[in-house]
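Subject: Structure for your review

Dear colleague,

Please find the structure below, together with its sequence.

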Amino acid sequence: MSTAAAVPGPPRLIEHVAELRRRLGNRREVHRSIEAHGFALSASGVPEGAEVHLDGMLEAIPNGVVVTGTVTVPWTGECRRCLDETHGDATAEVREIFDLHPVEGETWPLRGDELDLGPMVHDTVLLTLPLAPLCSDDCRGPAPAEFPAVPSGAAEPGDEPAADRPAIDPRWAALDDLDL
Ligand SMILES: [Zn+2]
């Protein structure tokens, strides 16, 4: 027996669309969920077995189906400042086309009367997970002096943050811009 753990592929999430595609413009709501296994980046990931939800609409278009909606995913990760375990929910809007003649990197395949939402949801999750998680917006990190709540010299260590937003080291401010 091989001891190498097989990395599971994206789960399948099949929708049958023969009825939907009888007429252009037909629409149908879609509410599906899949269990996440191995959905992870280096700094954050979906708890093993947690559910990822897709809520949206399918609509028949020429040669395919367009899927619009929202993907909601729970995540855990390590706060980039204090390194504590932290968690949250992330959401992403999706608008994707499933096409009888898919274009690599642009549209997803429609095979006969079936489309598989699994790979789309999987890829959306990987684009949505935080790259640099924070336990809270005003986390001061393990060394508050490096994340002063007010300009240095004005605060004693342990003071509560002032009402003003804490001053942030410009190196970390760049990371803040990554938040979606
Ligand atoms: Zn933190």
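How are the donor residues of the zinc ion spaced in sequence? The spacing is C-x2-C-x52-C-x3-C. Please note that this is a predicted model, in which local features need pLDDT of at least 70 and side-chain atom pairs count only at pLDDT 80 or more, while totals for chains, interfaces and linings use all residues. Residues are numbered from 1 along each chain as its sequence is written, and side-chain values use heavy atoms, with hydrogens and water left out.

Zinc site

The zinc ion is coordinated at 2.3 Å by the SG atoms of Cys79, Cys82, Cys135 and Cys139. Donors are N, O and S atoms within 2.8 Å of the metal (3.2 Å for Na, K and Ca); water is not among the atoms, so sites may look incomplete. The arrangement is tetrahedral because the 4 donor atoms subtend angles of 102 to 114°; four donors count as tetrahedral if all angles lie between 85 and 135 degrees. Cys82 lies in the loop between strand E5 (64-78) and strand E6 (85-99), and Cys139 in the loop between helix H1 (118-128) and helix H2 (170-176), so the pair ties together parts that are 57 residues apart in sequence. Helices (H or I, at least four residues) and strands (E, at least two) are DSSP runs, numbered from the N terminus. Cys82 is buried at 18% relative accessible area, and Cys139 is buried at 10% (buried means under 20%, exposed over 50%, partly exposed in between, with a 1.4 Å probe and protein chains only).

Aromatic pair

The structure holds 1 aromatic pair. Phe98 and Trp108 are stacked, at 6.3 Å centre to centre and 25° between the planes (ring centres of Phe, Tyr and Trp, the last by its six-membered ring, must lie within 6.5 Å, and planes under 30 degrees apart count as stacked, over 60 as edge-to-face and the rest as tilted). Phe98 is buried, with a relative accessible area of 1%.

Salt bridges

There are 4 salt bridges, each a side-chain nitrogen of Lys or Arg within 4 Å of a carboxyl oxygen of Asp or Glu. Arg28 and Glu15 meet in one of them at 2.5 Å, N to O. This pair links strand E2 (residues 27-35) with strand E1 (residues 14-16). Glu15, Arg28 and Arg32 are linked in a network of salt bridges. Another salt bridge joins Glu59 and Arg27 at 3.2 Å.

Yours sincerely

Methods:
Four donors count as tetrahedral if all angles lie between 85 and 135 degrees; four count as square planar and six as octahedral if opposite donors are over 155 degrees apart and all others between 65 and 115; anything else is irregular.
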